[in-house]
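Welcome, and thanks for taking a look at this one. Please keep the sequence and the 3D view side by side as you read.

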Amino acid sequence: MITCELFVGADNATGVVDTELLGKILDSSHDGWTMVNATGSWRGQREPSVIVTIHDHETTIRATAVQIRDELNQDAVGFRIVPTLSFI
């Protein structure tokens, strides 16, 4: 298992991140996750964004990133492996 951050920007048509739909996508494949509001930039345009942290199998996280990209009308979703999340 790995820990990843996914970077999700605003929908190109609406200019917002559909966090309700995003949460449903995440809930359908992962036991837990954390979503943080952020501001990003894509091709020179500032936009609302979120950063999602997930600890799961890499193939599952990558499949989720593709689903987010497709269902939230994204050109791309950023994917970064970070140091492993530990639970106490």
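This is a predicted model: local features need pLDDT of at least 70, side-chain atom pairs count only at pLDDT 80 or more; totals for chains, interfaces and linings use all residues.

Residues are numbered from 1 along each chain as its sequence is written, and side-chain values use heavy atoms, with hydrogens and water left out. Helices (H or I, at least four residues) and strands (E, at least two) are DSSP runs, numbered from the N terminus.

**How the strands pair**

- Two strands count as paired if DSSP finds at least two bridges between them.
- Strand S2 (residues 34–42) runs antiparallel to strand S3 (residues 45–56), with nine bridges joining them.
- Two residues separate S2 and S3 in their hairpin, and Arg43 in that turn has a positive phi of about 55°.
- Along this pairing, Val36 has Ile51 in S3 as its bridge partner, while Ala38 has Ser49 in S3.
- S3 also pairs with S1, in the antiparallel sense and over eight bridges.
- On that side, Glu5 is bridged to Thr53 in S3, and Gly9 is bridged to Ser49 in S3.
- S1 has a further antiparallel partner in strand S4 (residues 78–82), over five bridges; here Glu5 stands opposite Arg80.

**Burial and the nonpolar core**

- Is S1 mostly covered or mostly open? Seven of the eight residues of S1 are buried, where buried means under 20% relative accessible area, exposed over 50%, and partly exposed in between (1.4 Å probe, protein chains only).
- In soluble globular proteins, nonpolar side chains tend to be buried together.
- The largest nonpolar core has 17 residues, and Leu6, Val8, Leu22, Val52 and Ile68 have the most contacts inside it.
- Two or more residues of this core come from each of S1, helix H1 (19–29), S3 and helix H2 (58–71), and S1 gives the most, with four.
- A nonpolar core here is a set of buried Ala, Val, Leu, Ile, Met, Phe, Trp, Tyr and Cys residues joined through side-chain atoms within 4.5 Å.
- Leaving aside neighbours within four places in sequence, Leu6 is in contact (heavy atoms within 4.5 Å) with residues including Val52, Ile54, Ile61, Ile68, Val77 and Phe79.

- A grid of 1 Å over the protein atoms alone is used, and a pocket is an open set of points where a 1.4 Å probe fits, with protein on both sides within 12 Å along at least five of seven lines; lining residues have an atom within 4 Å of a point.
- Grid points are joined across faces, edges and corners, and a volume is the space filled by probe spheres set on the points.
- The largest pocket holds about 250 Å³ of space.
- Of the 19 residues that line the largest pocket, Phe7, Val8, Gly9, Trp42 and Glu47 lie nearest its centre.
- Strand S1 (2–9), S2 and S3 each supply at least two residues of this lining, and S2 gives the most, with five.
- By class, the lining of the largest pocket has nine nonpolar, eight polar and two charged residues; Ala, Val, Leu, Ile, Met, Phe, Trp, Tyr, Cys and Pro count as nonpolar, Asp, Glu, Lys and Arg as charged, and the others, Gly among them, as polar.
- The second largest pocket has a volume of about 150 Å³, and its lining includes Met1, Trp33, His55, Leu85 and Phe87.

**Single residues to look up**

- Ile51, in strand S3, is partly exposed at a relative accessible area of 24%.
- Not counting residues up to four places away in sequence, Ile51 touches Glu5, Leu6, Phe7, Thr34, Met35, Val36 and Ala38.
- Ile51 and Ala38 are 13 residues apart in sequence, and their C-alpha atoms are 6.8 Å apart.
- Ser41 belongs to strand S2 and is partly exposed, with 46% relative accessibility.
- Asn73 lies in the loop between H2 and S4 and is partly exposed at 45% relative accessible area.
- Asn73 is not a glycine, yet its phi is positive, near 55°.
- Most residues other than glycine have a negative phi.
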